[in-house]
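Please keep the sequence and the model in view while reading.

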Amino acid sequence: MAGPIHEATDKLSKLEAAVSSRAQAPLKKIERLEQTRDRRIKKIQEQYAAKIAEIEREMEAGTETLTPQEREQESSLLREYAEAIVTFSRSASASELAPLLGVSAREAKTLIMQAQADLGVGDVATAAAPSSDDEQTVPAAS
C-alpha cells in the first residue's frame, strides 16, 4: 500500500532536483563567467605590470636620452636662445626682459649673465654695444 506513495515521493524528489538544477544552471554559468573574467583581468594586470616595470627600468637606466642629432639640435637652440637674450639685453633692461620670459627681474638678470657667460661675452661686449635705440632695435614681443 505504501508503494504508490513512495513512487510519487520519488518522482516529486526527481522533479524538484530537475527544477533546482535548472535554476542553478544560470548561477553556475555566471560563476564560471566571473571566474574567467577574473583570470583574464589578472592576466592583463600582470602583462601591464610587466610593461610598466620594463619602462621604469629603462627610465632608471637612462636609455631615454637624446640622440646625437637631437643633442646637436638642442645645443644649437640653446645657443640661439642665449644669443637672443644677450641681444635683447643690449637695448633693454632685465626688468623689460622678465615679463617676456615669465620670470622675476632678478632671475632675468641672472639669465642675462648666464647667457653672456655661455657665449663668452661679458660686460665689455655689453659696454661696447650700441646704446642708441636707433642703432639697435629689438622688436617687442606680443
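When residues up to four places away in sequence are set aside, Ser89 touches Ile112 and Gln116, where contact means heavy atoms within 4.5 Å. Ser89 lies in helix 2 and, at 12% relative accessibility, counts as buried. Buried here means under 20% relative accessible area, exposed means over 50%, and partly exposed lies in between (1.4 Å probe, protein chains only).

The structure is a predicted model, in which local features need pLDDT of at least 70 and side-chain atom pairs count only at pLDDT 80 or more, while totals for chains, interfaces and linings use all residues. Residues are numbered from 1 along each chain as its sequence is written, and side-chain values use heavy atoms, with hydrogens and water left out.

**The chain as a whole**

The chain has 5 helices and 0 strands, and from the N terminus on its elements run α-α-α-α-α. Helices (H or I, at least four residues) and strands (E, at least two) are DSSP runs, numbered from the N terminus. Of the 142 residues in the chain, 11% are buried. The accessible surface of the chain comes to about 11,800 Å², and 56% of that surface belongs to carbon and sulfur atoms; such areas come from the Shrake-Rupley method with a 1.4 Å probe, and for residues only the protein chains shown count as cover. Among contacts between residues at least 6 apart in sequence, 47% join residues at least 24 apart.

Helix 2 covers residues 68–91 and has 24 residues. From its first C-alpha to its last, helix 2 reaches 36 Å, close to the 34 Å expected at 1.5 Å a residue; the expected span is 1.5 Å times one less than the number of residues.

Which residues of helix 2 are buried? They are Ala82, Ile85, Val86, Phe88 and Ser89. These buried residues pack against helix 3 (94–101) and helix 4 (105–119).

The largest nonpolar core has 12 residues: Ala82, Ile85, Val86, Phe88, Ala92, Ala94, Leu97, Ala98, Ala108, Ile112, Ala115 and Leu119. Helix 2, helix 3 and helix 4 are the elements that give two or more residues to this core. A nonpolar core is a set of buried Ala, Val, Leu, Ile, Met, Phe, Trp, Tyr and Cys residues joined through side-chain atoms within 4.5 Å. In soluble globular proteins, nonpolar side chains tend to be buried together.

Within this core, Ala82 is in contact with Ala115 and Leu119, leaving aside its neighbours within four places in sequence. Leu78 also has its place in helix 2, but at 51% relative accessibility Leu78 counts as exposed. Leu78 and Ala115 are 37 residues apart in sequence and 9.3 Å apart in space, C-alpha to C-alpha.

**Salt bridges**

How many salt bridges does a search of the whole structure find? The search finds 3, a salt bridge being a side-chain nitrogen of Lys or Arg within 4 Å of a carboxyl oxygen of Asp or Glu.

| Asp38 | Arg37 | 3.0 Å |

Asp38 is partly exposed, with a relative accessible area of 40%, and Arg37 is partly exposed at 43%. Glu54 and Arg57 both lie in helix 1, 3 residues apart, which is about one turn of the helix. Glu54 has a relative accessible area of 36% and is partly exposed, as is Arg57 at 47%. Glu83 and Arg79 are separated by about one helical turn because they are 4 residues apart in helix 2. Glu83 is partly exposed at 35% relative accessibility, and Arg79 is partly exposed at 46%. An α-helix has 3.6 residues a turn, so residues three or four places apart point the same way.

**A nonpolar patch on the surface**

Leu12, Leu15 and Val19 form a nonpolar patch on the surface, with about 280 Å² of accessible area together. Patches are made of residues with over 30% relative accessible area and no salt bridge; like charges are joined within 9 Å, and nonpolar side chains (Val, Leu, Ile, Met, Phe, Trp, Tyr) within 5 Å. Leu12 is found in helix 1, which covers residues 3–61, and Leu12 is exposed, with a relative accessible area of 51%.
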